[in-house]
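Here is a short note to read alongside the model. Please keep the sequence and the 3D view open while going through the points.

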Amino acid sequence: MSEARGSVESRLAELGLTLPEVVAPLASYVPAVLSGSYVYTAGQLPMVDGALPVTGKVGAEVTPEEARDLARTCALNALAAVKSVAGDLDRIARVVKVVGFVASAPDFTGQPGVVNGASELLGEVLGDKGVHARSAVGVAVLPVDAPVEVEIQVELAH
């Protein structure tokens with residue numbers, strides 16, 4: 001992967017994407033925390049304009065392809081959360097870790113492919129700075145019956 005050219009938000013625009021408003025927390029937490037040179041996001045659901053476009057379990061009500069697209073939305077929402085505490089996405093030195101949770105039908109085992117949606121978006125937007133360690137976990141249920149949830153940790157340049 002090559003480095004993203006220009007600013008991160010310019011790269012988003014080139015990809016036809018717009019950084020959304022930060023998704024409001026569903027409970028007692030904040031969307032992101034800055035600690036030293038690291039930003040830790042809360043789990044981000046694939047909210048679009050304050051609502052989930054799809055609900056249900058992947059491998060049952062939601063196809064793996066739909067869930068992969070939803071994971072991309074989660075990653076975009078995570079970048080918005082990072083910006084809310086970092087001030088500027090161009091401060092990102094690298095994405096350190098991505099954790100994806102996939103609400104899975106009992107026989108669904110394609111969690112890594114679903115979470116690839118988030119990983120690929122980060123690579124497209126951030127180039128080499130988007131390469132990260134990752135976990136993709138299947139779970140029984142997620143908040144508000146979301147099919148996928150993604151959290152990221154990023155290191156900021158000094």
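1. Starting point: Glu124. This residue is partly exposed, with a relative accessible area of 31%. The terms work as follows: buried means under 20% relative accessible area, exposed means over 50%, and partly exposed lies in between (1.4 Å probe, protein chains only).

2. Basis of the note. This is a predicted model, in which local features need pLDDT of at least 70 and side-chain atom pairs count only at pLDDT 80 or more, while totals for chains, interfaces and linings use all residues. Residues are numbered from 1 along each chain as its sequence is written, and side-chain values use heavy atoms, with hydrogens and water left out.

3. The partner of Glu124. Which residue meets Glu124 in a salt bridge? The partner is Arg72, at 3.0 Å from N to O; a salt bridge here is a side-chain nitrogen of Lys or Arg within 4 Å of a carboxyl oxygen of Asp or Glu. Glu124 belongs to helix H3 and Arg72 to helix H2, so the pair links distant parts of the chain, 52 residues apart. Helices (H or I, at least four residues) and strands (E, at least two) are DSSP runs, numbered from the N terminus. Arg72 counts as partly exposed, at 23% relative accessibility.

4. Other salt bridges. The structure holds five salt bridges. Another of them joins Arg68 and Glu120, whose closest N and O atoms are 2.6 Å apart. Because Arg68 lies in helix H2 and Glu120 in helix H3, this pair ties together parts that are 52 residues apart in sequence. Arg68 is partly exposed at 29% relative accessibility, and Glu120 is partly exposed with a relative accessible area of 32%.

5. A link between H2 and H1. Lys83 and Glu9 also form a salt bridge through their side chains (2.7 Å, N to O). Lys83 is in helix H2 and Glu9 in helix H1, and the two are 74 residues apart. Lys83 is partly exposed with a relative accessible area of 29%; Glu9 is partly exposed at 34%.

6. The largest nonpolar core. A nonpolar core is a set of buried Ala, Val, Leu, Ile, Met, Phe, Trp, Tyr and Cys residues joined through side-chain atoms within 4.5 Å. The largest one has 38 residues, and Leu79 and Ile152 touch the most other members. Helix H1 (8–14), helix H2 (64–86), strand S3 (92–103), helix H3 (111–126) and strand S5 (148–156) each supply at least two residues of this core. Which element gives the largest share of this core? It is H2, with twelve residues.

7. Around Ile152 and Ala78. Not counting residues up to four places away in sequence, Ile152 touches several residues, among them Val39, Ala78, Leu79, Lys97 and Leu122; contact means heavy atoms within 4.5 Å. Ala78 sits in helix H2 and counts as buried, at 0% relative accessibility. Leaving aside neighbours within four places in sequence, Ala78 is in contact with Thr41, Gln44 and Ile152.

8. A second core. A separate core of seven residues includes Val23, Leu45, Ala103 and Ala146.

9. The loop between S4 and S5. Val144 is found in the loop between strand S4 (133–139) and S5, and Asp145 is in that loop too. Most residues other than glycine have a negative phi. Val144 has a positive phi of about 50 degrees, and Asp145 a positive phi of about 60 degrees. Are these two residues buried or partly exposed? Val144 is partly exposed at 48% relative accessibility, and Asp145 is partly exposed at 30%.

10. The record. UniProt, in an unreviewed entry, places the feature "domain: Endoribonuclease L-PSP/chorismate mutase-like" at residues 9–151; such annotations may be inferred rather than shown by experiment. Over residues 9–151 the chain is 31% helix and 22% strand, and the end C-alpha atoms are 20 Å apart.
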